[in-house]
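Good morning, everyone, and thank you for making time for this short talk. I would like to walk through one structure slowly, so please keep the picture in view while I speak.

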Amino acid sequence: MWKDLWDTAISELTRAKVDRRHPFRFFTLGTIGAQHPELRTVVLRDFDNQEKKLYLYTDSRTPKVREISECPLVSCLFYYPKKQLQVRMRAEATLISDQTDLYSQHLQKVKSSKSIQDYTTIEAPGTITKGNDVEYAVDHINFALIECSAVEFDILQLSRKGHQRCSVVRSKDRTWKGKNLIP
Ligand SMILES: Cc1cc2nc3c(=O)[nH]c(=O)nc-3n(C[C@H](O)[C@H](O)[C@H](O)COP(=O)(O)O)c2cc1C
């Protein structure tokens, strides 16, 4: 049973990277903050279904970047309401160096889209401001590419016929081993 749930979860994540309307396109990213667990919505920018790595973009000055550099353990939560499918992914996050080809490829995509603004505010995201006006830099971009490499999945499929749940863990030899769980 776990294999079917696993295949479904991976195929939905793979679809979400190309289908802008897929419910997995937005997910909740959890990091370990100094005082509390921290959660926020982010966009799934890419998913490598062989390596089970996902990618997201952010402003390099945001607290999540600092939190990840202090503790790379993160959780990603996806929910597909129509299919009643929940995927929880535990992962190790890495800030991809701006010296890599991967970073340059994603930066290029951002530069050719309107979302470039998201990474060019003069003041850092979360800064207290008096008015509603936001100023943007023209010559500087605080773009960060974050990679989350999965270590464990918890997949739950609700169904009138009976809920199904499994855990799939990456072992030391990097193969994936699953177990059925009581939902
Ligand atoms: C629909 C939606 C999508 C979002 N996508 C992103 C994203 O891809 N990257 C990002 O850094 N913030 C995104 N945000 C904003 C974050 O939820 C969050 O407010 C911001 O990144 C600051 O997070 P932090 O202070 O915990 O670092 C999104 C918010 C919403 C509502």
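Predicted model: local features only at pLDDT ≥ 70, side-chain atom pairs only at ≥ 80, totals over all residues.

Reading from the N terminus, the elements come in the order α-β-β-β-β-α-β-β-α-β-β-β. The C-alpha atoms fill a box of roughly 55 × 35 × 35 Å when it is taken along the principal axes. For a chain of 183 residues, a compact globule would have a radius of gyration near 16 Å, and the protein has 18 Å, which agrees with that expectation. Buried residues make up 21% of the 183 residues, and, of the contacts with a separation of 6 or more, 58% are between residues 24 or more positions apart.

Now back to our loop. β5 and β6 run antiparallel and are joined by 8 bridges, and within that pairing Leu 73 stands opposite Glu 92 in β6. The two strands form a hairpin with 4 residues between them, and Gln 84, in the turn, has a positive phi of about 50 degrees. To see why I point this out, remember that most residues other than glycine have a negative phi. Is Gln 84 buried or exposed, or something in between? It counts as partly exposed, because 13 C-beta neighbours lie inside 10 Å.

Lys 52 lies in the loop between β3, residues 46–48, and β4. Lys 52 is buried, because 20 other C-beta atoms lie within 10 Å, and the cut-off for calling a residue buried is 20 or more.

Val 168 has Gly 178 in β9 as its bridge partner. This hairpin has 5 residues between the strands, and Arg 174 takes a positive phi near 70 degrees there.

Let us turn to the interior. In soluble globular proteins, nonpolar side chains tend to be buried together. Here the largest nonpolar core has 31 residues, and those that touch the most other members are Ala 9, Val 74, Cys 76, Val 87, Ala 91, Cys 148 and Phe 153. The elements giving two or more residues to this core are α1 (2–16), β1 (26–32), β5, β6, β7 (143–157) and β8, and the largest share, 8 residues, comes from β7. As an example, take Cys 76, which, leaving aside neighbours within four places in sequence, is in contact with Phe 27, Leu 29, Leu 54, Met 89, Ala 91 and Cys 148. β6 and β7 also pair with each other, in the antiparallel sense and over 11 bridges, and there Arg 90 stands opposite Glu 152 in β7.

What about the ligand, and which residues come nearest to it? Of the 14 residues around the ligand, these are Arg 40, Val 43, Thr 58, Thr 62 and Lys 64. The shell around the ligand divides into 7 nonpolar, 4 polar and 3 charged residues. β2 (37–43), β4 (53–59) and α2 (63–70) each supply at least two residues of this shell, and the largest share, 5 residues, comes from β2.

Finally, please look at Tyr 136, in the loop between α3 (101–111) and β7. Tyr 136 counts as exposed, because 12 C-beta neighbours lie inside 10 Å. Not counting residues up to four places away in sequence, Tyr 136 touches Gln 117, Thr 120, Thr 121 and Ile 122. Its C-alpha atom and that of Pro 23, 113 residues apart along the chain, are separated by 31 Å.

Terms used:
Residues numbered from 1 in each chain as written. Near = placed C-beta within 6 Å. Nonpolar A, V, L, I, M, F, W, Y, C, P; charged D, E, K, R; others polar. Pairing = 2+ DSSP bridges. Rg over C-alpha atoms; globule rule 2.2 N^0.38 Å. Contact = placed C-beta atoms within 7 Å. Core = buried A, V, L, I, M, F, W, Y, C linked by C-beta atoms within 7 Å.
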